[in-house]
Amino acid sequence: MATDFELAVFERQLQEALELPEAQRWTLERDESVPLGLFATMCPRSNPNERYRARLRWTDLYRPPSLKFIDPTTNSETCPKAWPKCHGFRPSSLDACLPWTEEGHKLHPEWQNSSTNSFPKTDAPVQFALLNIQSSLDQTYEGRGP
Amino acid sequence: MNTIEAHDDHVVHHHHEFLHVQVRYLAVKKPYDDPEAKSSETLATLKHRVLHHFGLVEGDVDGGRKEYVLTYKGEQQTDLSLTLEKLAEGKHRLEMNLIEHFIQG
């Protein structure tokens with residue numbers, strides 16, 4: 001359960017994320033079904049017409065968030081085509097095996113004590129997650145999932 | 001740096017010796033901020049300053065290598081001999097990101 005402090009920080013960080021230069025390319029919405037969650041619609045720089053709806057949920061704001069890509073039409077979270085093919089994203093498994101995601105740490109518990117793959121100390125967890133997604137889309141995008 | 005502004009009846013040339021540079025490290029809220037970076041500075045020296053600012057070190061770790069890459073408008077900047085002036089293409093302000101890469105050994 002998110003603390004009042006986390007909720008306040010989350011709200012502030014959401015507003016701060018909207019001031020990032022990259023945010024001009026995003027549509028951000030709160031995920032009202034959880035205390036610490038949001039939807040971000042994003043696109044790769046190389047293909048602005050391909051829109052992806054990421055869902056980020058935190059159980060603890062300072063630990064890795066869960067990342068899923070949601071079908072914007074049906075709201076299904078089990079649609080491989082809703083996923084972009086990027087480094088670490090696994091559309092067929094509907095997860096992202098990356099050190100900044102909850103799913104990645106579930107697959108690799110050893111990352112918690114790794115100097116390279118442990119979740120970093122961050123004062124901007126919302127920004128960190130959003131910019132990581134955008135960086136993946138901009139730099140390693142290879143098309144839509146199968 | 002030379003920039004050109006077109007006005008109604010004439011063209012004004014500006015020379016900027018300095019650029020306002022901001023580099024955002026994804027995990028940190030406050031970006032590295034240098035309002036007076038020399039326009040002749042290369043990305044290599046800028047990257048060195050930025051890594052030092054955030055307390056980051058490149059090198060071998062856990063059977064691989066950790067590296068940091070500067071990105072501008074979503075594109076990785078691999079030519080570190082590029083000057084800020086060249087990258088800015090006439091703009092007075094540069095906003096970049098610093099991305100972490102782990103290269104498996």
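The model is predicted: local features need pLDDT of at least 70, side-chain atom pairs count only at pLDDT 80 or more, and totals for chains, interfaces and linings use all residues. Residues are numbered from 1 along each chain as its sequence is written, chains are lettered from A and ligands numbered from 1 in the order in which they are written, and side-chain values use heavy atoms, with hydrogens and water left out.

I begin with helix H1 of chain A. Helices (H or I, at least four residues) and strands (E, at least two) are DSSP runs, numbered from the N terminus. H1(A) spans residues 4–17, which is 14 residues, and reaches 20 Å from its first C-alpha to its last, close to the 20 Å expected at 1.5 Å a residue. The expected span is 1.5 Å times one less than the number of residues.

Which residues of H1(A) are buried? They are Glu6(A), Val9(A), Phe10(A), Gln13(A), Leu14(A) and Ala17(A). These residues lie on the same side of H1(A), because they cover an arc of only 140° around the axis; the arc is that of the directions from the helix axis to the C-beta atoms. An α-helix has 3.6 residues a turn, so residues three or four places apart point the same way. Buried here means under 20% relative accessible area, exposed over 50%, and partly exposed in between (1.4 Å probe, protein chains only). On the face turned away from the buried side, H1(A) carries the exposed residues Asp4(A) and Phe5(A). The cover over the buried residues of H1(A) includes strand E1 (27–30), strand E2 (37–42) and helix H3 (125–140) of chain A.

I turn now to the interface. In chain B, 19 residues are in contact with 22 residues of chain A, contact being heavy atoms within 4.5 Å. The area buried between the two chains is about 1,600 Å², and carbon and sulfur atoms give 47% of that area. Buried area is the accessible area (1.4 Å probe) that two parts lose on being put together, summed over both. Of the area that chain B buries against chain A, Leu26(B), Ala27(B) and Lys29(B) supply 38%, more than any other three residues.

How many salt bridges does the rule find across the interface of chain B and chain A? It finds one, a salt bridge being a side-chain nitrogen of Lys or Arg within 4 Å of a carboxyl oxygen of Asp or Glu. The side chains of Glu16(A) and Lys29(B) meet in a salt bridge at 3.5 Å, N to O. Arg12(A), Glu16(A) and Lys29(B) are linked in a network of salt bridges.

Next, three residues in loops. Leu94(A) has a positive phi of about 55° although it is not a glycine. Leu94(A) sits in the loop between strand E5 (89–90) and strand E6 (95–96) of chain A, and counts as buried at 15% relative accessibility. Glu89(B) is also not a glycine, and its phi is positive, near 50°. Its place is the loop between helix H2 (84–88) and E8 of chain B. Is Glu89(B) buried or exposed? Glu89(B) is exposed, with a relative accessible area of 63%.

Asn117(A) lies in the loop between helix H2 (102–107) and H3 of chain A. Asn117(A) is buried, with a relative accessible area of 13%. Not counting residues up to four places away in sequence, Asn117(A) touches Pro99(A), His105(A) and Trp111(A).

In one, the side chains of Glu29(A) and Arg53(A) meet at 3.1 Å, N to O. This pair links distant parts of the chain, with Glu29(A) in strand E1 and Arg53(A) in strand E3 (residues 52–57) of chain A, 24 residues apart. Glu29(A) is partly exposed, with a relative accessible area of 32%, whereas Arg53(A) counts as buried at 13%.

In chain B, the side chains of Asp34(B) and Arg49(B) meet in a salt bridge at 2.8 Å, N to O. Asp34(B) is in strand E4 (residues 32–38) and Arg49(B) in helix H1 (residues 43–54) of chain B, 15 residues apart. Asp34(B) counts as buried at 13% relative accessibility, and Arg49(B) as partly exposed at 26%.
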